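Please keep the 3D view open as you read.

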Amino acid sequence: MAEAHQAVAFQFTVTPDGIDLRLSHQALSEIYLSGVRSWKKRIIRVKNRVISGVYPASPSSWLFVVIAILATMYTRSDPSMGLIAKIQEHLPVSQISTQCQAVVSAVVFSTMLWLLLIFTMRLCLKQLLSYHRWMFEQHGKMSTTTKIWVALVRIFSGRKPLLYSYQGSLPNLPVPAVKDTVKRYLESVRPLVDDAEYERRNKLAAEFESSLGKRLQWYLKLKALWASNYVSDWWEEYVYLRGRSPIMVNSNYYGMDFQYVTPTPIQAARAGNTIHAFFLYRRKLNKEEIKPWLLRSAVPCCSYQFERMFDTCRIPGALTDSVQHWEDSDYIVVYHKGRYFRLRVYQAGRILSPREIEFQIQRILDNSTPPSKGEAKLGALTAGERITWAKARQEYFSSGVNKRSLDCVERAAFFVVLDDDERGMMADNSPEGLDRYAKSLLHGNCYDRWFDKSFTVVYYKNGKSGINAEHSWADAPVVAHVWEFVLTTDSFHLGYNEEGHCKGEVDSSLPPPQKLNWEIPSECEEQISRSLAVAQALADDVDFHVFSFRDFGKGKIKKCRVSPDAFVQMALQLAYFRDRGTFCLTYEASMTRLFREGRTETVRSCSSESSAFVRALDGGEPADVCQRLFHAASEKHQQLYRMAMTGAGIDRHLFCLYVVSKYLGVDSPFLKEVLSEPWRLSTSQTPVQQGELFDLVNYPEYISCGGGFGPVADDGYGVSYMFVTENIINFHISCKHSCSETDAHVFGSKIRAALHDLLHLLDPVYKEPNNERSKAEVKKDK
């Protein structure tokens, strides 16, 4: 109980001689320093809001405008055309001199002029950022119009923007015309259905476009005028928060550690460095020192998803969940061997050093206190059905010690797991090691992760780490951004001593981490067991295969004058056709962060052009015919990707029309059919956003293995891929054992074969490495 006593600022006892009051100077000092830290953060936030509020101007520019106006007044000219005199007439102060009134009036006019200039600059920048023709121009060939546009964007963008500086200047996501969306939808399903089915869908679409579609579109345009983004709030609520099935596997995703390097084999030391790095990132985030993401070094992307990265938790509800965000928690919650610990990361107003965090983590590892009754598998509630968790939370965690402990978990900066297993690329380099690593990060033991937290960091016994993220609050690129920072800060900036421990000294007077207490009744244990059974069945059904394709990468692909992303998407289409003998509706995630509060849009990668190419190549057509069809297919894919990024996608528009129809209580057979179609091939590319943080020239082995997600359809595949350096592509493939027609390892081998076949088609002199696959395997794949 020592830590509990230290948390009390004063104690008193009543004696016959009166009240004996004992003050704890250490506790009072902590309270004082905590208050100072809190006020500093408030001042920084106010300062940043002012800077972002006047962007693309700067607060100092106000002084420049005031001085300029005053200077013109002293030259006996009136730049205000009489407005300063009008302001002077209506000033409420009459006691000051006429000259002072003139100066005050000039300052008021200067401020109004300054605000008008800011509004004009922001409006101009917003109009400039609505121009997207640059994205459709051939790579490396920029038109004169685009060159002028880039110059104007840079002029109106101001200097040294903060993370959220561009938010007020980003354009709103446009609402496409119904006829355009319907036309693009029909094009996307043409290769998937026969003539009779296509004709039926054509009639459904035409009927929708000419009648109900117009009415729904009117409401959607009304929302677009009012809301910052007509998609994002509905997408978060109906796609994520209203889902009642488990979020483990179905929604959450993961990110892996370095593939070939483990900076230290000491579990506590690895946790010490990376936890410290997470809080360094949060400090940069609070100060808005993280640079906005700019495409082509000029076009800003929306940053609003960063706001809920830390101190955030998904809260279960009977009908819908909610995302709750708190301000600047000074602690994390650590799970180890069935126990939950609260670990404060701040001491005397400062972040604990990596060595001090290691010391505290080691205390948890050495703690032999057994878990309380029902505590060990409590996290299974977050892995099971949402309604079960919502009812249990209301019934057993709404008061008393359970509420206090649950509040502590949910309000923590993030969640940490100290895992007793060893994961990663094992010494024998067996591919199964990465497969087990992926499954562990995706679902663990189904009770040793808190899947509701914005993200959970897992540290394994051998020093490997990984991250599991909840999906509703943000998309993978945002989580990948902090993960890149943490990995590189850990290895290249903080480092370890010769023994593998964190550098620095330890303040041995640090209070030990506080174990959370729970009082779990037997009825609650039964609900935990039911949630665990549901989650365990879901986890056992997941089949995963992770492999690193090292024969060539984006460097070789770009030499063939092909988009690397389009190349991989065509390989996936070829692999799926060889695997299943048909084509399927394919999902590729594309961002819409060129618009305010933009999230994602779907690129329907399976097109008439891609299916024509796959049939030609697999049917033995001449090489020149296949090459022509391949280039047509890759250009079509790039076109679809650009349209999705610029607000002309298909699926988000149709989704919002469907939501409006539900609000109005009208049924649309067309929309109902569109939204019920399964995505049997769900794909996503993991981008490297901060390449400058990695030193791949001197440290080529320090590369991340990327991340992945579970299958979207029961009879489909989930495929995530990442271009690492110029010569490596990492793949994460998931499916379900319960489907006899899917196998992650078989599909992986077909992807390898497809990649080789495509490169051989584009580069006839390319020879497949002999150590990759035997000729018999190649023939079998074909």
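The sulfur of Cys524 lies 16 Å from the closest cysteine sulfur, that of Cys313, which is too far for a bond; a disulfide here is a pair of cysteine sulfur atoms within 2.5 Å. Cys606 is in no disulfide either, and its nearest cysteine sulfur, in Cys584, is 6.6 Å away. Searching the whole structure turns up zero disulfides. Cys524 has 0% relative accessibility and so counts as buried, and Cys606, at 3%, counts as buried too. (Buried means under 20% relative accessible area, exposed over 50% and partly exposed in between, with a 1.4 Å probe and protein chains only.)

A word on the model: it is predicted, local features need pLDDT of at least 70, side-chain atom pairs count only at pLDDT 80 or more, and totals for chains, interfaces and linings use all residues. Residues are numbered from 1 along each chain as its sequence is written, and side-chain values use heavy atoms, with hydrogens and water left out.

Now to the helices. Two packed helices are described by the angle between their axes and the distance between the axes. Helices are DSSP runs (H or I, at least four residues) numbered from the N terminus. Axes are lines fitted to C-alpha atoms over the stretch in contact, with angles from 0 to 180 degrees between N-to-C directions.

| Helices | Axis distance | Angle |
|---|---|---|
| helix 11 (residues 267–286) and helix 12 (residues 354–366) | within 7 Å | roughly 135 degrees |
| helix 3 (residues 59–74) and helix 5 (residues 98–129) | 9 Å | about 135 degrees |
| helix 8 (residues 195–210) and helix 23 (residues 669–676) | within 8 Å | roughly 125 degrees |

Helix 8 is therefore oblique to helix 23, where angles under 35 degrees count as roughly parallel, over 145 as roughly antiparallel, 65 to 115 as roughly perpendicular and the rest as oblique. Contact means heavy atoms within 4.5 Å. (Ala, Val, Leu, Ile, Met, Phe, Trp, Tyr, Cys and Pro count as nonpolar, Asp, Glu, Lys and Arg as charged, and the others, Gly among them, as polar.)

Helix 3 meets helix 5 through residues including Trp62 and Tyr74 on one side and Phe109 and Trp114 on the other. The contact of helix 3 with helix 5 comprises 15 nonpolar, four polar and no charged residues.

Helix 11 and helix 12 are likewise oblique to each other. Gly272 and His276 in helix 11 are among the residues in that contact, as are Pro354 and Glu358 in helix 12.

Conventions
Helix = DSSP H or I, 4+ residues; strand = E, 2+ residues; numbered from the N terminus.
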